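Colleague: I am new to this structure and would like to learn how to read its features step by step. Could you take me through them slowly?

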Amino acid sequence: MEDRSEEDCVQENGRSDETNSKPSGSPCTSLKMFLVALSFAYFAKALSGSYMKSTITQLERRFDIPSYLIGVIDGSFEIGNLLVIAFVSYFGAKLHRPKIISLGCLLMSFGTFIIALPHFIIGRYEFETSVRWVVNSTHNSSPCQGGSPGDQPGISPQVPSTGCEGESNLSMWIYVLLGNVLRGIGETPVQPLGISYIDDFATEENAALYVGCVQTISVVGPVFGYLLGSLCAKIYVDIGFVKMDSITITPADARWVGAWWLGYLIAGVITLLSAIPFWFLPRSLPTAGSTVRKMGTQEEASFIKDTPHPKYKYQAEEHSSFVEMAKDFIPTLRTLLGHPVYVIYLCVVVIQLNSLIGMVTYKPKYIEQHFRQSASKANFLMGVINIPAVALGMFSGGLLMKRLKLNIMGAAKFAFCTSLIGYVLSMLFFTMSCENAKVAGVTVSYNNVDSISYDKNSLFMPCNSDCFCSSSEWDPVCGQNDITYVSPCLAGCTTSTGSGKNTVFSNCSCVGVTGNFTAGTGQCLNKEDCDRMFPYFLALSVITSFIISLGGTPGYMFLIRCIKPQLKSLALGFHALATRTLAGIPAPIYFGAIIDTTCLKWGQKRCGGIGACRIYNTSAYRIAYLGLTLSLRTISFIICIPGFILLSRQLKEEEENKSVPHGAITNGGTDLEALRKEELVVLNSDRVVHTTDNSTDRHTQL
């Protein structure tokens with residue numbers, strides 16, 4: 001039926017071109033153009049958002065900040081949304097939606113460029129190392145300086161006491177936060193105004209498929225975002241300004257910082273391009289499937305307002321004044337929140353999004369720390385394995401909803417079941433453990449006995465008693481015994497040869513009893529148990545992501561189908577407001593704070609105070625990360641029970657009042673009638689809009 005309608009639409013507008021009709025092109029073509037433009041905008045915002053998450057460890061190390069501060073930066077995007085989402089969603093629906101979306105994309109682009117700004121105004125990155133001063137030398141003095149054992153916090157051979165002069169540069173992470181806030185403000189109109197525009201002007205039976213396509217493209221964005229993150233993580237942060245031969249660390253090192261700024265410049269350009277098409281799209285279109293009379297005059301070619309819209313369609317009131325719209329805002333919001341089903345479902349969505357956002361934000365970091373993978377590899381695997389599974393699941397969900405012709409209850413049950421199955425499978429992640437890296441004095445004692453209770457005094461042993469070492473520095477070396485030592489000094493090494501990454505430390509008294517043992521730069525790579533378990537982790541991650549994502553589009557269509565058409569944009573906007581306030585902002589912060597509690601060894605800032613974490617207790621990390629994620633989902637499933645009961649009661653009441661005349665009901669409209677009848681309103685004396693009220697959310701799947 002859609003194809004026939006579109007053919008008629010094209011033919012009729014072909015004739016209208018000869019008569020200079022108001023729509024300069026086919027409305028069907030314009031809708032397709034809007035669909036393509038919106039998909040590209042979703043792609044751009046998803047790419048920059050996923051790239052932000054792929055750089056969290058890079059930002060931690062570059063600005064020397066803990067995970068909870070990274071959570072604040074990540075949540076600042078939601079703060080930007082929070083500032084304007086309700087007003088943009090309500091007033092934007094009554095104005096020129098494509099142009100508002102275009103302005104939002106421009107602001108997103110500007111914010112993305114600001115995020116990259118600190119790189120160009122701060123100095124070069126300096127990491128902790130004891131071999132920087134031995135570069136270009138074949139034989140060097142002893143790392144183990146004579147003296148009495150002790151701790152000299154904040155003092156190391158390569159950092160002069162005047163290094164505090166540059167400490168203020170580390171506050172440049174504030175620019176990253178402010179840029180992310182602007183990104184959030186600019187992203188605000190894209191979702192609610194874009195989706196409502198499609199739903200208003202597409203036929204009912206194809207709206208779900210169109211939304212599914214947009215959502216699918218939006219999940220393709222993170223694929224390129226994580227791949228971009230993987231590429232940039234391989235490139236040293238100051239590439240082009242330093243000699244790479246003098247760099248003593250590799251991408252697998254806990255001190256490595258990639259070219260995080262480069263990806264933001266690329267993402268900013270892409271977002272800027274996405275703003276262009278919307279500027280040339282019309283404010284409104286004839287509803288697909290509506291018949292237009294013979295074209296002879298400009299008026300006949302125009303959209304006939306008196307024609308009743310389909311039950312889910314709503315045309316913005318073009319002549320409403322700002323004062324009238326503002327006056328109606330509070331009553332409209334009260335009407336939206338007047339149904340318990342909407343409130344209960346919103347609670348479910350908020351709790352599940354807390355679980356989802358916390359999990360996704362720190363998943364690359366979890367892969368890095370728990371399975372000892374580089375940031376580049378973690379981002380690459382997220383992009384090419386995990387994200388495509390989500391995209392396929394969301395598209396398949398939209399296709400299944402159309403094929404099965406799911407009504408409200410069917411969509412809700414489908415989304416709930418897929419989420420529940422994914423939850424059960426996710427419990428298997430607890431069995432996929434990996435042992436802690438063997439670091440002397442941190443995770444094991446100097447005689448290779450497991451000891452997780454770290455204390456700085458445990459780093460000092462008789463084997464390094466003749467050395468004057470600092471416990472605050474982190475410059476790991478790998479001994480011949482496959483144990484990592486915090487620094488060559490603490491390994492008791494007395495001589496070193498070579499330069500850069502090829503430096504070899506000799507006569508390390510703590511490595512062997514006789515002292516004739518060597519150590520190389522960097523941590524030991526003894527991760528055989530991690531490599532065996534990692535493929536199973538990836539396979540399970542793909543399966544659970546696909547199953548959970550199947551419920552994405554049905555859950556989202558549940559939202560926009562069981563509310564009044566004129567409340568569609570407001571409902572989408574308010575749901576975004578609630579989820580950003582109660583999930584998007586706090587989740588990364590408290591997830592990061594809990595992860596920080598599992599840190600065993602913190603880095604040291606030049607002027608004192610802790611910096612970024614160098615090594616975690618992987619067992620505690622796994623329990624905290626997975627336990628918090630699944631606990632939140634457990635609570636959400638419990639809250640679903642009264643929601644289903646209440647929804648069933650309302651549908652039962654509709655059956656009892658089925659004889660009340662209220663227009664033709666099709667495609668699941670029977671289920672919607674009970675939710676609609678008590679909120680039916682007369683907008684004007686010349687038309688009646690059949691409406692619905694109740695809501696849910698697209699993030700059911702997550």
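This is a predicted model: local features need pLDDT of at least 70, side-chain atom pairs count only at pLDDT 80 or more; totals for chains, interfaces and linings use all residues.

Colleague: Next I would like to understand the cysteines; how many disulfides does the count come to?

Modeller: As a general idea, a disulfide is a covalent bond between the sulfur atoms of two cysteines. In this chain the count comes to six disulfides, and I will go through some of them. One of them joins Cys 478 to Cys 524, with 2.0 Å from S to S. Cys 478 belongs to strand 2 (residues 477-479), whereas Cys 524 sits in the loop between strand 6 (519-521) and helix 16 (528-550), so this pair ties together parts that are 46 residues apart in sequence.

Colleague: How do I read the handedness of the disulfide between Cys 478 and Cys 524?

Modeller: You look at the torsion about the S-S bond, which for Cys 478 and Cys 524 is about 105 degrees, so the disulfide is right-handed. Both of these residues, Cys 478 and Cys 524, are buried.

Colleague: Which residue does a disulfide join to Cys 493?

Modeller: The partner of Cys 493 is Cys 508, again with an S to S distance of 2.0 Å. This pair links distant parts of the chain, 15 residues apart, with Cys 493 in the loop between strand 3 (484-485) and strand 4 (495-497), and Cys 508 in the loop between strand 5 (504-506) and strand 6. The torsion about the S-S bond is about 100 degrees, so the link of Cys 493 and Cys 508 is right-handed. Cys 493 is buried, with a relative accessible area of 0%, and Cys 508 is buried with a value of 0%.

Colleague: Where do Cys 599 and Cys 613 lie?

Modeller: A disulfide joins these two cysteines, Cys 599 and Cys 613, at 2.0 Å from S to S. Cys 599 lies in strand 7 (residues 599-604) and Cys 613 in strand 8 (residues 610-616), so the pair ties together parts that are 14 residues apart in sequence. The link of Cys 599 and Cys 613 is right-handed, with 100 degrees about the S-S bond, and both residues are buried.

Colleague: Now a helix, please; how far apart are the end C-alpha atoms of helix 15?

Modeller: The general idea is that an α-helix has 3.6 residues a turn, so residues three or four places apart point the same way. Helix 15 (residues 408-426) has 19 residues, which at 1.5 Å a residue should span 27 Å, and its end C-alpha atoms are 27 Å apart, which agrees. The buried residues of helix 15 include Ile 408, Ala 411, Ala 415, Thr 418, Gly 422 and Ser 426.

Colleague: Is Leu 628 buried or exposed?

Modeller: Leu 628, which is found in helix 20 (residues 618-656), has a relative accessible area of 19%, and since buried means under 20%, Leu 628 is buried. Leaving aside neighbours within four places in sequence, Leu 628 is in contact with Tyr 590, Phe 591, Ile 594 and Ile 623. Leu 628 and Met 359 are 269 residues apart in sequence, yet 9.0 Å apart in space, C-alpha to C-alpha.

Colleague: Which residues lie nearest the centre of the second largest cavity?

Modeller: A search of the whole structure finds ten cavities of 30 Å³ or more, and the second largest cavity holds about 180 Å³ of space. Of the 16 residues that line the second largest cavity, Tyr 345, Ala 412, Phe 558, Cys 640 and Phe 644 lie nearest its centre. Its lining has twelve nonpolar, four polar and no charged residues.

Conventions
Residues are numbered from 1 along each chain as its sequence is written. Side-chain values use heavy atoms; hydrogens and water are left out. A disulfide is a pair of cysteine sulfur atoms within 2.5 Å. Helices (H or I, at least four residues) and strands (E, at least two) are DSSP runs, numbered from the N terminus. Buried means under 20% relative accessible area, exposed over 50%, partly exposed in between (1.4 Å probe, protein chains only). The expected span of a helix is 1.5 Å times one less than its number of residues. Contact means heavy atoms within 4.5 Å. On a 1 Å grid over the protein atoms alone, a cavity is a set of points where a 1.4 Å probe fits but cannot get out, and a pocket is an open set with protein on both sides within 12 Å along at least five of seven lines; lining residues have an atom within 4 Å of a point. Grid points are joined across faces, edges and corners, and a volume is the space filled by probe spheres set on the points. Ala, Val, Leu, Ile, Met, Phe, Trp, Tyr, Cys and Pro count as nonpolar, Asp, Glu, Lys and Arg as charged, and the others, Gly among them, as polar.
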